[in-house]
Structures are given as structure tokens and as C-alpha cells.
Amino acid sequence: MEENVGRGRHGKPSNANASARRELAANRPAKRGRSKQQGPIPARGTHDAEAGGSRTRTRSRLGQAQNAAEDDDFDADQFLNQDAEYGEPEEPQPDEPQIEEPQQPPRRRPQQRPRQPRRDAANEGYGGGPSDMSLLTQYGNHRAVPIWDAEPDDHEVLKRTLRCQASGKKVMDIVKPPRSERWFWDPIEASGLEPLTRVNFSVLDYGVIWAFVERWHPETSTFHLPLGELGITLDDVQCLLHLPIQGKFLNHTKMSRGEGADMVSSYLGVVREDIDKAFAETNGVHLKHTTLQTLYTTNQTSAERAIAENKPAHVVRLYRERSVRAFMLHLVCCTIFSNKSRYYADVVYLQYFQDLSCVHEWNWGAAALVHLQHYLDHGSAVSTTQMAGYMSFLQLINDWGICISCM
């Protein structure tokens, strides 16, 4: 009869048929956890005295459902939390040598400097610098600001230098005719540029130059020193360089390659193909310093050959004038008009040497001062890495300023 009661689950009788369950209740052996057999289900609200307080039908169904759930449930947490026994690592064989890997030193993370709070320059000014920013409006980009804010061990900022491009030594090294050769020295002395052949330094004090560049301010065009402001005047140019400070101002614009080629061909005697090649090498309307030196010596040799061959005087004069023009262009481009390239000259200045008898009419002193101040303005910026201009003149100014401060 038990087999026909209903569907079984895991070998246990089902409670789907309640009447069959009551018939089997008297004959079923007691299960674990039950002390007495269940009798007939009493009416609601009564108890069977002989059963000793048997459980109700609802209680027995809950118990059977809980027992079935205990058999079916799988405790995953208990399985995962069991202590796993792992075998001990195998020891190397005695005949196999053990290779010890070198221990890498621990990496040290670079210490980052704490970020400084952003300065309100318009209201607070700069420490150790100007407090009123109404005049020095570009001081925030000055190279003195990071130097003042740097820590004592911040060598990247404190040891940052400028690369000064000086070409004055090339003027000293070029071979010049003796003073008895008046065809050369007469136009040079008459032009007012002869002192540039003598006012040059072979060795420069770059530390002093850097110190003065760090104290230059473009807004005022003066050096801000502990004793006060120090500026460069035209009187200083005349006293230190002995250049003329009167005359017509140099007035030129950017020149095209065609115009520059025509000028070089007419006044220096270079064929057009060589000019185009020279401009291509310098990527502009420029001539290398070595090219100008070659033109200077080549035309001298051609003049001497013309004299030896008894050629007309105008042919000799043509070669000599070309030699003087090449020397003058090389002279001014290595001194007062020196640029950052350090190896080429700007052809645009050749137009001022067309007529050698009129070179003295130009204001070379003012042009030298403006050119130097332009590179000082550029060099005082914090992002600048190179400094150009007439470095020997700047050295003279620095020595002059030091002498004044010591007085």
C-alpha cells in the first residue's frame, strides 16, 4: 500500500494524499526526533490525551519539508571555507646547483614638490620682486620668477643657463691686410666701423652675462640692480664701441631670395647658380661666414693678379671693392648684428654697402643698441635657452655696470 500512496522523493513517501498518510501513521515506525507516534488528528482546539499532545498536520508537513530541504540543500560556503591541505614544495635535488637571483634594489619614488598656491600677482606681487604690477606687466614670464621660487636643492632650475652665441672671435682670426694697404683701410675707417675690428673678446665671462640678463626687464629696457636701475644709452655705445650715433636710421624689410640673389651677384660677383645653392643650404637669404671669408680672400687674389697682368685700373678697383664689401658684411654680422645661427650672415645688410663712400651716413650705434635690446628682451623670458647679440658689447656693459656699483 505504501508504494501506491503517491510520488516518492529520494525514497521517501510523498504527502500529496492526506488520507493515505493518516492510515499509515499508526503503522509507521517513529522517526528521529519524535518520541511518540501520531494518533488520529484531533479536532481544532482539542488534544489527544493518549498521544500525549501530538503535533498538528501543519506542524508535521513543515517538519517533513524542512527535512527534505536539508537533504537537498548544498552548503557552498561550508565547502569553500574548508581548510585545504597543500603539499609542501619539493626541495631541489642535491646534485642540482641552486642559482640565486640578484636582488633588485627597491625603487624609490621621486619626491614630488608640494604645489605652491597660485599667486595673485595683480594684488600680491612677487616675493623679492615687484609689488606693483602696473608697470612690469610681463614679469610673470620672467626667468627670475622660477629662480626665486625654487628650493635650495632644485638644481634643474638653479643651474639652468643660457647658450650665448658669440662670433666676435671670427673677426679677430680673419687675416687682414697691413695698415699700409690704404685701399682696404681707408674705406673701413671712413665707414665708422673700424673700431669693431678691435673691440672683441676672445674669452667671455658667461656667468656675469647670465646674471645681467636675469635682471633685464623689457618693459623699462633697464637692468634692475641692488643699487637701482641701470640702462644702456647711445652715449654708452659711443664711449664703449666708438660707433657713430648720428645719421640715417637703418630701414629695411624682409628680402626675397630673388632680390638677395641679384644683390649678391651685383656687389660680390657671385654667379647665380652658386647663390641659389648657398641660399638652399642656409634655408633663407643668408650666406655662410665661411663663404664671406672666401669671397674676401678670393677677390684680393683676383685684384693682385689683375695688377700683375697690367689690367685696367677699374678692373682692379672692382675686385677690391668686392673684397671690402664682403669683409664689412662679415664684420657687422659677427658683431653688432650677430644672430643665433652663429654660422651665417643676413644678406639684407649688404644694401648698406652698395656705395662705400656713403657707409658713414648710417646710424650704426643706434642699430647696434636696438639689436642688443631685442635679444635681451628675448633672453629674459623663462622659456628662452639661447642668447644672441654682440656679446663683447654686453661684456663691456657688464664691466661698466660693475665699476659703477663699486664706486
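## The model as a whole

This is a predicted model, in which local features need pLDDT of at least 70 and side-chain atom pairs count only at pLDDT 80 or more, while totals for chains, interfaces and linings use all residues. Residues are numbered from 1 along each chain as its sequence is written, and side-chain values use heavy atoms, with hydrogens and water left out.

The protein has 16 helices and 7 strands, which are DSSP runs numbered from the N terminus (H or I of at least four residues for helices, E of at least two for strands). Of its 407 residues, 37% are buried, where buried means under 20% relative accessible area, exposed means over 50% and partly exposed lies in between, with a 1.4 Å probe and protein chains only. If one takes the contacts (heavy atoms within 4.5 Å) between residues at least 6 apart in sequence, 69% of them join residues at least 24 apart.

## Helix H8 against helix H14

Helix H8, residues 182–191, packs with H14 at an angle of about 45°, and their axes are 10 Å apart; such axes are lines fitted to C-alpha atoms over the stretch in contact, and the angles run from 0 to 180 degrees between N-to-C directions. That angle makes H8 oblique to H14, because angles under 35 degrees count as roughly parallel, over 145 as roughly antiparallel, 65 to 115 as roughly perpendicular, and the rest as oblique.

On the H8 side the contact is made by Trp183, Phe184, Pro187, Ile188 and Ser191, and on the H14 side by Arg320, Ser323, Val324, Phe327 and Met328. These residues divide into 7 nonpolar, 2 polar and 1 charged, where Ala, Val, Leu, Ile, Met, Phe, Trp, Tyr, Cys and Pro count as nonpolar, Asp, Glu, Lys and Arg as charged, and the others, Gly among them, as polar.

## Helix H13 against helix H14

Helix H13 (residues 289–308) and helix H14 (residues 313–334) pack at an angle of about 160°, with their axes 8 Å apart, which means that H13 is roughly antiparallel to H14. The crossing of H13 and H14 is left-handed.

Residues of H13 in this contact include Leu292, Tyr296 and Ile307, and those of H14 include Tyr319, Arg320 and Phe327. The contact of H13 with H14 divides into 14 nonpolar, 7 polar and 2 charged residues.

## Salt bridges

Side chains of opposite charge can pair when their charged atoms come close. The count comes to 12 salt bridges, each being a side-chain nitrogen of Lys or Arg within 4 Å of a carboxyl oxygen of Asp or Glu. In one of them, aspartate 262 pairs with arginine 272, the closest N and O atoms being 3.0 Å apart; aspartate 262 lies in helix H11 (residues 257–268) and arginine 272 in helix H12 (residues 272–282), 10 residues apart. Aspartate 262 is partly exposed at 42% relative accessibility, and arginine 272 is partly exposed at 41%.

Within helix H14, glutamate 321 and arginine 325 lie 4 residues apart, about one turn of the helix, and they form a salt bridge whose closest N and O atoms are 3.6 Å apart. Glutamate 321 is partly exposed, with a relative accessible area of 28%, whereas arginine 325 counts as buried at 7%.

Methods:
A crossing is left-handed if the near helix is turned anticlockwise from the far one by less than a right angle, and right-handed if clockwise.
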